[in-house]
Amino acid sequence: MRVLMIGDIVGDAGRSALQDHLPRLKRTHRPDVILVNGENAADGRGITRTIAREFFGSGVDCITLGNHAWDRREIFDFIDDEPRLVRPANYPEGTPGNGFARLALPNGELTVINLMGRTFLSTLDCPFRKADELLAEVKGPVLIDFHGETTSEKQALAWYLDGRVSAVIGTHTHVQTADERILPGGTAFLSDVGMTGPYDAVLGMEKELVIKRFLTQLPVRFEVGEGRTQLNGVLLELDPSSGGARSIKRIRIDDDEPWFE
Ligand SMILES: C=C(OP(=O)(O)O)C(=O)O
Ligand SMILES: [Mn+2]
C-alpha cells in the first residue's frame, strides 16, 4: 500500500503548489492513497468547505488538521458531515468532528488518526492514552498525523507506538526534518513532513511581517507570503496485511532542491 502524505498546505500559494505538482507526483509514485494536512489552507488559518472540496476533487483521500482546525467558524457547519476531514482525536469528549478516518482502498483499509501534542500547544487530552484507546478498536495499517511542536514529543510517541501503527508522521512546524526511519517494530517515523506553500517566507507567512513582530514585539497580523513555492511530503510503502512499514522516503520540491523527489 503506497501512501503519499503532503505537509501543511498554507494559503492560496500552498493550494496552487499542490495543483502544480500533484499530477506529476501521482504519475511518478502511483500512490494508493493521498493525505494532506489542511489546517492552514484558508489564508493560513483553518479550512473552508470549498477548499476541502477542492482537495477531495483533486484526488486527496483524507485531510488532517491541528491547532488551527477551528479558525474558520464555518467548519462547525460541515465537519460532522465529512468523515474524511479529521481533527485531532485528543480534543475533549464532545468536540465536533472525528479524530480518525477509515479509508477503504482497493488493497485493504487504512486508518488515519490525527493527534495533537501538548508541549507549547493547548493542553488537550493525553495523545499517548488516546492512541491506546483508539488502537484497541482498529486492525490493519494505521497512519498517525501527530501535529506537534517538539521533536521530543514526536519521537516519544513514535517509540511508544512502535509495532502498533504503520507510521507516525509529524506536522505543524512547517520545516521538514531529515530523521526518517523505520523503528525496530516496523513503525515508520518522521518528526515533521514540512509545509506546502510560500518558499521565501517564514513558515509560509510574509517574512517582513514576521521580522517586524520580532523587532518591535508589538502585535502584527501575519499574511500568507507570495512568490516562489515549495511542496514537502513523504511517501510510505506499507504491508497491507500486517501494516508494517516497508519504506519511507521524503519528498521535497523547491528551487534549491528540485532533484530531491
Ligand atoms: C506554524 C504554525 O504555528 P502557529 O501555531 O504559530 O500558527 C501552525 O500552526 O500553522
Ligand atoms: Mn499547526
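Author: Contact here means heavy atoms within 4.5 Å of one another, and the structure to which this is applied is a predicted model.

Reader: Which residues count as contacts of Ile 113 once its neighbours within four places in sequence are left aside?

Author: By that cut-off, Ile 113 is in contact with Gly 99, Phe 100, Leu 134, Leu 135, Val 142, Leu 143, Ile 144 and Asp 145. Phe 100 lies 13 residues away from Ile 113 along the chain, yet the C-alpha atoms of the two are separated by 4.2 Å. Ile 113 itself is found in strand E6.

Reader: What makes Ile 113 buried or exposed?

Author: The term buried requires a relative accessible area under 20%; the value for Ile 113 is 0%, and Ile 113 is therefore called buried.

Reader: Why are E5 and E9 described as standing at the edges of the sheet?

Author: The open sheet has six strands in the order E5-E6-E7-E8-E10-E9, with mixed pairing. Strand E5 (100–105) and strand E9 (181–182) each have a single partner strand, so one side of each is left without a neighbour in the sheet.

Reader: How do you know that E9 and E10 pair, and in which direction do they run?

Author: Pairing calls for at least two bridges between the strands, and two bridges join E9 to strand E10 (residues 188–190), the two running antiparallel. Ile 182 stands opposite Ala 188 in E10.

Reader: Which residues are called donors of the manganese ion (ligand 2)?

Author: A donor is an N, O or S atom within 2.8 Å of this metal; Glu 39 (OE), Asn 67 (OD1), His 147 (NE2) and His 172 (ND1) coordinate the manganese ion (ligand 2) at 2.1 to 2.2 Å, and they accordingly meet the cut-off. Along the chain, these donors follow the spacing E-x27-N-x79-H-x24-H. Asn 67, in the loop between strand E3 (62–64) and helix H3 (75–78), and His 147, in strand E7 (residues 142–147), are 80 residues apart, and the pair links distant parts of the chain.

Reader: Why is Asn 67 assigned its accessibility class, and what is the class of His 147?

Author: Partly exposed covers values between the buried limit of 20% and the exposed limit of 50%; Asn 67, at 23% relative accessibility, therefore counts as partly exposed. His 147, at 0% relative accessibility, counts as buried.

Reader: Which members of the largest nonpolar core touch the most other members?

Author: Of its 32 residues, Ile 6, Ile 47, Phe 55 and Ile 63 do, while the largest share of this core, four residues, comes from H2.

How values were computed: Residues numbered from 1 in each chain as written. Chains lettered and ligands numbered in written order. Predicted model: local features only at pLDDT ≥ 70, side-chain atom pairs only at ≥ 80, totals over all residues. Heavy atoms only, no water. Donors = N, O, S within 2.8 Å, 3.2 Å for Na, K, Ca; no water. Buried < 20%, exposed > 50% of the residue type's maximum accessible area, 1.4 Å probe, protein only. Core = buried A, V, L, I, M, F, W, Y, C linked by side-chain atoms within 4.5 Å.
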